[in-house]
Amino acid sequence: MIWLLNILIPGSGLIILRREWLGFFLSLLYAICGNVALTGTLIAPESVPGWATAIAAVLAALTWTMGQLLLKARQSDIVRRRTGLSRVLTDAKTALSTGDVDGAREHLAGGSELDDESGEWHVLWARVCTMKGDATGGRQAWSRVIRLDMERRYQSEARAALEQIV
């Protein structure tokens with residue numbers, strides 16, 4: 001569905017995939033150039049110079065192409081990040097299950113760069129911070145868990161941990 005939308009309005013798929021400004025800029029540039037090219041070709045060819053029509057048509061085509069390529073790159077990046085985060089979470093859970101809190105912390109250290117809004121990563125990070133006695137980090141992490149936990153799976157654990165930390 002995102003592809004279809006992006007084919008019709010280049011950049012709109014990027015907006016959906018959280019690259020709002022880039023998608024907005026591409027959509028706007030495509031709309032302006034497309035309108036100038038259409039006006040110069042079909043609507044009122046005498047009112048727009050031929051060179052302006054040609055430049056607008058080339059820019060519209062380049063913008064459309066760039067929108068498709070950037071969408072493909074963004075989708076590939078999302079898949080790569082999800083795969084990496086899944087591996088990080090699995091390794092951290094394994095380390096925690098064996099009681100290796102330091103190992104879990106090492107595994108989780110770069111996980112926020114892969115997906116800063118992963119509720120599961122924040123839960124594991126908050127647990128590790130709490131186990132290590134890092135009150136400030138634990139408080140911040142549990143507070144973030146409360147904000148990110150839309151399904152309310154970790155609310156009671158987060159609230160209990162925050163009460164113990166304070």
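**Pockets and helix packing**

Me: In this predicted model, how many nonpolar, polar and charged residues line the second largest pocket?
Reply: The lining is made up of Leu89, Ser118, Gly119, Glu120, Val123, Val145, Leu148, Asp149, Met150, Glu151, Arg153 and Tyr154. Sorted by class, the lining of the second largest pocket has 6 nonpolar, 2 polar and 4 charged residues.

Me: Which helix gives the most to the lining of the second largest pocket?
Reply: Two helices each supply at least two residues of this lining, helix 7 (119-132) and helix 8 (135-148). The most, 3 residues, comes from helix 7.

Me: How much space lies in the second largest pocket?
Reply: Glu120 and Val123 are among the residues that line the second largest pocket. The space in this pocket is about 210 Å³.

Me: How many charged residues are in the lining of the largest pocket?
Reply: The largest pocket holds about 450 Å³ of space. Its lining consists of 14 residues, and Arg18, Arg74, Ile78, Leu114 and Asp115 lie nearest the centre. By class, this lining has 5 nonpolar residues and no polar ones, and the number of charged residues is 9.

Me: Which helix gives the most to the lining of the largest pocket?
Reply: The lining of the largest pocket has 14 residues. Of these, 5 residues come from the helix that gives the most, spanning residues 50-97, which is helix 4.

Me: Is helix 7 roughly parallel or antiparallel to helix 8?
Reply: The axes of helix 7 and helix 8 are 8 Å apart, and the packing angle is about 155 degrees. Angles over 145 degrees count as roughly antiparallel. Helix 7 is therefore, relative to helix 8, roughly antiparallel.

Me: By class, what residues make the contact of helix 7 with helix 8?
Reply: The crossing of these two helices is left-handed. Helix 7 makes the contact with Gly119, His122, Val123, Trp125, Ala126, Arg127, Cys129 and Thr130, and helix 8 with Gly137, Gly138, Ala141, Trp142, Arg144, Val145 and Leu148. By class, the contact of helix 7 with helix 8 has 8 nonpolar, 5 polar and 2 charged residues.

Me: Is helix 8 roughly parallel or antiparallel to helix 9?
Reply: Helix 9 covers residues 155-165, and its axis is 9 Å from that of helix 8, at a packing angle of about 150 degrees. Helix 8 is therefore, relative to helix 9, roughly antiparallel.

Me: How do the residues of the contact of helix 8 with helix 9 divide?
Reply: In helix 8 the residues are Ala135, Gly138, Arg139, Trp142, Ser143, Val145 and Ile146, which meet Gln155, Glu157, Ala158, Arg159, Ala161, Leu162 and Ile165 in helix 9. They divide into 8 nonpolar, 3 polar and 3 charged.

Me: Is the crossing of helix 3 and helix 4 left-handed or right-handed?
Reply: Helix 3 (residues 20-43) and helix 4 have axes that come within 8 Å and cross at roughly 150 degrees. The crossing is left-handed.

Me: How many nonpolar residues are in the contact of helix 3 with helix 4?
Reply: On the helix 3 side, the residues include Leu22, Leu26, Leu29 and Tyr30, and on the helix 4 side they include Ala52, Ala56, Leu59, Trp64 and Leu70. By class, this contact has no charged residues and 6 polar ones, and the number of nonpolar residues is 15.

Technical notes
Residues are numbered from 1 along each chain as its sequence is written. This is a predicted model: local features need pLDDT of at least 70, side-chain atom pairs count only at pLDDT 80 or more; totals for chains, interfaces and linings use all residues. Side-chain values use heavy atoms; hydrogens and water are left out. On a 1 Å grid over the protein atoms alone, a cavity is a set of points where a 1.4 Å probe fits but cannot get out, and a pocket is an open set with protein on both sides within 12 Å along at least five of seven lines; lining residues have an atom within 4 Å of a point. Grid points are joined across faces, edges and corners, and a volume is the space filled by probe spheres set on the points. Helices (H or I, at least four residues) and strands (E, at least two) are DSSP runs, numbered from the N terminus. Ala, Val, Leu, Ile, Met, Phe, Trp, Tyr, Cys and Pro count as nonpolar, Asp, Glu, Lys and Arg as charged, and the others, Gly among them, as polar. Axes are lines fitted to C-alpha atoms, for helices over the stretch in contact, and angles run from 0 to 180 degrees between N-to-C directions. Angles under 35 degrees count as roughly parallel, over 145 as roughly antiparallel, 65 to 115 as roughly perpendicular and the rest as oblique. A crossing is left-handed if the near helix is turned anticlockwise from the far one by less than a right angle, and right-handed if clockwise. Contact means heavy atoms within 4.5 Å.
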